[in-house]
Amino acid sequence: MIKKLIPFLGEYRRYAVLAPLAIVCETVLEVLIPFLMARIIDVGIASGNMDYVLTVGGMMAAMAVLALVFGAAAGRFAAMAATGYAKNLRQSLFKKVQEFSFSNMDRFSTASLITRLTTDVTNTQNVVMLMLRMLVRAPIMLVCATGIAVYINTRLSLVFFVAVPVLAAGLSIIMSKAFPKFQIMLKHYDKLNKVVQENLAAIRVVKAYVREGFENDKFGEAAEQLRDSQRRAEKLVIFTMPLMQAVMYATMVCIVWFGGNMIIAGTMKPGELLGFLSYVTQILMSLMMVAMVFISIVISKASVTRI
């Protein structure tokens with residue numbers, strides 16, 4: 001399915017290439033900043049060398065500004081690629097509908113086709129934007145931050161090597177159970193659109209037979225079914241954030257505990273612990289980004305299938 005949809009980037013393909021490149025530059029700069037901060041504490045401040053502190057601090061400021069520029073550029077490129085992709089996809093879908101035979105028109109209801117050209121394409125567009133940004137940013141940040149954290153203290157890095165599999169297993173369970181529920185939710189979207197389309201197309205008949213109350217009840221029932229199906233799907237997805245926070249805070253508590261003992265024992269420096277905490281935060285944030293992307297993919301997978 002992905003191979004079928006990628007060509008719709010069309011003339012916006014260059015933006016889809018520039019966005020990840022800008023993200024790579026932004027992420028590398030962000031990952032290096034905590035390492036320089038640790039050097040300021042352990043080398044510059046510890047020895048009282050203000051020249052070193054000012055030099056490295058200036059480098060950190062310059063890297064932060066460059067990261068901001070690359071981040072803004074990546075956001076612009078990703079938005080242009082995703083919106084252009086959605087435009088091409090909608091045009092192609094509309095053209096396909098125009099070529100439908102009468103049997104196909106009977107197979108796909110008008111409401112279902114409207115949902116495909118609106119809600120389903122929008123869901124897919126949002127995932128394309130997330131994939132161009134977060135799905136590139138998260139793995140790079142995860143690998144780079146993990147590498148530097150292991151370089152700072154190999155023993156302490158074992159803490160998040162335990163935390164990551166726990167988080168991955170929990171997310172996998174949530175995603176596998178949520179996907180079928182989102183498929184049901186989109187079917188209720190079709191039903192709601194069908195009620196609206198039929199009512200508006202035959203509004204004169206409805207008024208002639210004084211059936212406004214009946215139509216209101218029918219629409220209310222369709223809206224209620226959509227709400228219930230969406231609530232059942234979202235009830236599973238919302239467990240992602242508590243799971244992420246529980247793993248994040250448990251990991252940070254363990255690192256502060258073991259790292260503090262290492263500082264007391266003289267096997268670790270204060271700046272190294274501070275930098276290590278920054279990298280752990282980056283690692284867990286990158287995992288959170290991956291979780292957000294997978295949630296969007298779960299929601300959009302049903303839409304992509306329908307498209």
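Mentor: Let us begin with a definition: a residue is called buried when its relative accessible area is under 20%, exposed when that area is over 50%, and partly exposed in between. Please keep in mind that the model before us is predicted. With these limits, Lys87 counts as partly exposed, because its relative accessibility is 35%. Glu11 has a relative accessible area of 43%, so Glu11 is partly exposed as well.

These two residues form a salt bridge, in which the closest N and O atoms are 3.4 Å apart. Glu11 belongs to the loop between helix H1 (2-5) and H2, while Lys87 belongs to helix H3 (residues 50-98), so the pair ties together parts that are 76 residues apart in sequence. The general idea is simple: side chains of opposite charge can pair when their charged atoms come close. The model has seven salt bridges in total.

The side chain of Arg137 meets that of Glu26 in a salt bridge, with a distance of 3.2 Å from N to O. This pair links distant parts of the chain, since Arg137 is in helix H5 (residues 110-152) and Glu26 is in helix H2, 111 residues apart. Both Arg137 and Glu26 are buried. For Arg137 the relative accessibility is 14%, and because this value is under 20%, the residue counts as buried.

Arg137 also forms a salt bridge with Glu30, and here the closest N and O atoms are 2.5 Å apart. Arg137 lies in helix H5 and Glu30 in helix H2, so this pair ties together parts of the chain that are 107 residues apart in sequence. Glu30 is partly exposed, because its relative accessible area is 22%.

Which residues are linked in a network of salt bridges? They are Glu224, Arg227, Asp228 and Arg231.

Arg232 lies in helix H8 and is partly exposed, with a relative accessible area of 40%. The C-alpha atoms of Arg232 and Phe182 are separated by 8.7 Å, although the two residues are 50 residues apart along the chain. Arg116 is found in helix H5 and is buried, with a relative accessible area of 14%. If residues up to four places away in sequence are not counted, Arg116 touches Leu93, Phe108, Val121, Asp190, Arg306 and Ile307.

We may now turn to the nonpolar surroundings. In soluble globular proteins, nonpolar side chains tend to be buried together. The largest nonpolar core of this model has 45 residues, and within it Leu156, Ile255, Met268, Phe276 and Tyr279 touch the most other members. At least two residues of this core come from each of H5, helix H6 (158-201), helix H8 (212-237), helix H9 (240-265) and H10. H10 supplies the largest share, 14 residues. Apart from this core lies another, of 18 residues, which includes Leu9, Ala82, Ala86 and Val121.

Leaving out residues up to four places away in sequence, Ile255 touches Leu156, Val159, Gly260, Leu273, Phe276, Leu277 and Val280.

Is Ser286 buried or exposed? Ser286 is buried, because its relative accessible area is 1%. Ser286 lies in helix H10 (residues 270-306), and its side chain reaches the backbone oxygen of Ile283 at 2.5 Å. Leaving aside neighbours within four places in sequence, Ser286 is in contact with Ala138, Met141 and Leu142.

Finally, consider the outside of the model. Val17, Leu18 and Leu21 form a nonpolar patch on the surface, with about 250 Å² of accessible area together. Leu21 is found in helix H2 (residues 13-47), the helix in which Glu26 also lies. Val210, in the loop between helix H7 (203-208) and H8, counts as exposed, because its relative accessibility is 65%. Its phi is near 50 degrees, a positive value in a residue other than glycine.

How values were computed
Residues numbered from 1 in each chain as written. Predicted model: local features only at pLDDT ≥ 70, side-chain atom pairs only at ≥ 80, totals over all residues. Heavy atoms only, no water. Helix = DSSP H or I, 4+ residues; strand = E, 2+ residues; numbered from the N terminus. Buried < 20%, exposed > 50% of the residue type's maximum accessible area, 1.4 Å probe, protein only. Polar contact = N/O pair within 3.5 Å; in protein donor to acceptor, adjacent residues only side chain to side chain. Contact = heavy atoms within 4.5 Å. Patch = residues over 30% accessible without salt bridge, like charges linked within 9 Å, V, L, I, M, F, W, Y side chains within 5 Å. Areas by Shrake-Rupley, 256 points an atom, 1.4 Å probe, with all protein chains shown as cover. Salt bridge = Lys/Arg side-chain N within 4 Å of Asp/Glu carboxyl O. Core = buried A, V, L, I, M, F, W, Y, C linked by side-chain atoms within 4.5 Å.
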